[in-house]
Amino acid sequence: MAQSAPTGKRPVTRVAITVLLLVAIGGTLVVPIYARSMPKLGDFPFFYWYQLILVPAVAVLCWLCSVLLRAEPTAAARPADDGEMRK
Amino acid sequence: MSHVNTVAFTIVVVSFLAVTVIGFAAARWHPAEDPMHLNEWGLGGRGFGTFVSWFLLGGDLYTAYTFIAVPALVYAVGAAGFYALSYTILVWPIVFIFAPRLWSAARARGYVTPAEFARGRYGSQGLGLAVALTGILATMPYIALQLVGIESVLTVMGVGGSSGNAFVKDLPLIIAFIVLAAYTYLAGLRAPALIAFVKDALIYVTVIVAIIYIPARLGGWGHIFGAASEHLKTVNPTTGKPFGSLIVTPSGEWAYASLALGSALALFMYPHAATGVFAARERKVIRRNVAMLPAYSLVLGLIALFGYMARATPAVNAGVKAHGGNSQLSVPLLFEHMFPSWFAGIGYSAIIIGALVPAAIMSIAAANLFTRSIYNEFFNPDATPAQETRVARLASLVMKVGALGFALELNKTFSINLQLLGGIWILQTFPAIVIGLYTSWFHRFALITGWASGMVYGTVQAYRTPGGGQAHFGASTAPVFGHVIYIAIAAFAVNLVVAVVLTPLFRALRLPNGYDETQLSQPSADPADGSAATTGTQVP
């Protein structure tokens, strides 16, 4: 997934998006990070509360990526990208 | 039908009727000028905004079978079943990467299915056919499993399951499917899109109430995890090993990660997922949804925990045992024993309607595949939009009858085996579709050979895997190079290696490249927002 960030964007944005997405993917895929029972949160072993908290965390990371893409001048200049109903 | 729970059953019937009315009314929801067009019937007019798309995709991807099977797996083996949560977390960043691009490519050329993209990108009818057939083949058992989900609820409600007469036993399922087929035929994708609102509302209500109410009744989460841990530690007499573990063991980490990754990569290769994406109005609708759809993953994670709640409820354990150890019944039984009848009825309705929405979308998606990549491509290249729509409607009926036959005639194990195979097969279309979005380096014949190798390897490997009392198709994981991993990932690796090795070879042999009609490789034509595109009336 080397070409993860969409093409035609500023390099800074591309790097930022790639890093955010890699964090999101790595945090899930590297199982040894969370295959443990301590520390517990209430009665929940780490394995469970880590993954449950990871869900909103990944959502936020993806949301940041979409904000980064929207903030791109090239993207903003495209009327259709911000336009409402298009036929 | 001696022990029918009347209150719960009445609530289920009423919600089914309500959904039926909505399904038929959907034909008049934002009606199209020309309803006899595949963009209308098969993609709901390609005009769904962020809000509707969220319900549609959520209702589509998180199926009733998931709601039954994931907690059932957690109930049986513990932590290993939680890969489903990892998978539905992992899928969103991956989708963020490629789905907007796929949407643009499809919008630019008026594609209704991913198979058309593969065909157009590589100028290869064979590749398009391979992708379409894989999609149809993988979807049929998936629809059948939705019926298995409905069946488990009906069994617990005491409807049908106990009757000796095969026809009476299956009657509720048959009626539900005929009604579903009727409004899908009429309203197309608009029907499941509207019903998805009801489905999701019921699911969210059930899950939120259950996650607060049941642990309180069971004596708290400490007790629930304790009871689960105690069971998982006991030794399974048939295998001589513990049933499972509360935390993934080091030896299980590869299986866990590869199942999550393989399932995440495969999910959007399924035709019904692509249909949900292609029906979006604009590219940004998809990106926004990627940030919002994890709400469903959270629900799935909570539903997975139902498995432990069920384990901590002695009455559920007794009920599962009484039904021959069928852990698929654990969630319906949990509702039965923990909720008052009326709320159990809400929970059952959530699962049943949760089966109807994906079943409808899957049959529409498979019908789109058949129409565009088989009927159009090989039988009637000059089909008018109206002809296409008629063929697609009929194909959706055939898909549903086929799935019903699957569910009723073949035994359940067979459907589950096929669904397991379907996951392995569908991932083999990944190179042709997703990698094709980024590079046209691969040679079309190399991709077809790679696909075929992955299909054969995956099928053989799954056949040779014993487990769960079966000699074949016993598990979705198998040892490869010293690690137990998901067979789909191993097959995917075979697929890629073959395609990479053969591409330069075929180029050296001067086998002709196909004509790339998508023009994706030309920067000027990069359909970043689809603005330069026609909105897809022409058939390529």
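Predicted model: local features only at pLDDT ≥ 70, side-chain atom pairs only at ≥ 80, totals over all residues.
Residues are numbered from 1 along each chain as its sequence is written, while chains are lettered from A and ligands numbered from 1 in the order in which they are written.

**Whole chain**

Select chain B: its C-alpha trace spans about 65 × 55 × 40 Å along the principal axes. Colour by secondary structure to find 22 helices and 2 strands (DSSP runs numbered from the N terminus: H or I of at least four residues, E of at least two). Buried residues, those with 20 or more other C-beta atoms within 10 Å of their own C-beta, placed from the backbone, make up 60% of the chain.

**The core**

Next, show Cys62(A), Ala304(B) and Leu356(B), the residues with the most contacts inside the largest nonpolar core, which has 224 residues. Such a core is a set of buried Ala, Val, Leu, Ile, Met, Phe, Trp, Tyr and Cys residues joined through C-beta atoms within 7 Å. Helix 17 of chain B (residues 341-379) gives the most to this core, with 20 residues.

Centre on Ala304(B): leaving aside neighbours within four places in sequence, its contacts include Val70(B), Pro71(B) and Phe82(B) (contact means C-beta atoms, placed from the backbone, within 7 Å).

**Two crossing helices**

Now select residues 50-61 (helix 3) and 190-218 (helix 9) of chain B, whose axes come within 8 Å and cross at roughly 75 degrees. That makes the two helices roughly perpendicular, a label for angles of 65 to 115 degrees. Among the residues making the contact are Phe55(B) of helix 3 and Phe197(B) of helix 9.

**A covered helix**

Move to residues 283-292, helix 13 of chain B, where 9 of 10 residues are buried. The buried ones include Arg283(B), Lys284(B), Arg287(B) and Arg288(B).

**The hairpin**

Finish at residues 477-480 and 483-486 of chain B, strands 1 and 2, which run antiparallel and are joined by 4 bridges. Thr477(B) has Tyr486(B) as its bridge partner. Between the strands lie 2 residues, and in this hairpin Phe481(B) takes a positive phi near 50 degrees.

How values were computed
Buried ≥ 20, exposed ≤ 12 C-beta atoms within 10 Å, placed from the backbone. Pairing = 2+ DSSP bridges. Contact = placed C-beta atoms within 7 Å. Axes fitted to C-alpha atoms, helices over the stretch in contact; angles between N-to-C directions. Parallel < 35°, antiparallel > 145°, perpendicular 65-115°, else oblique.
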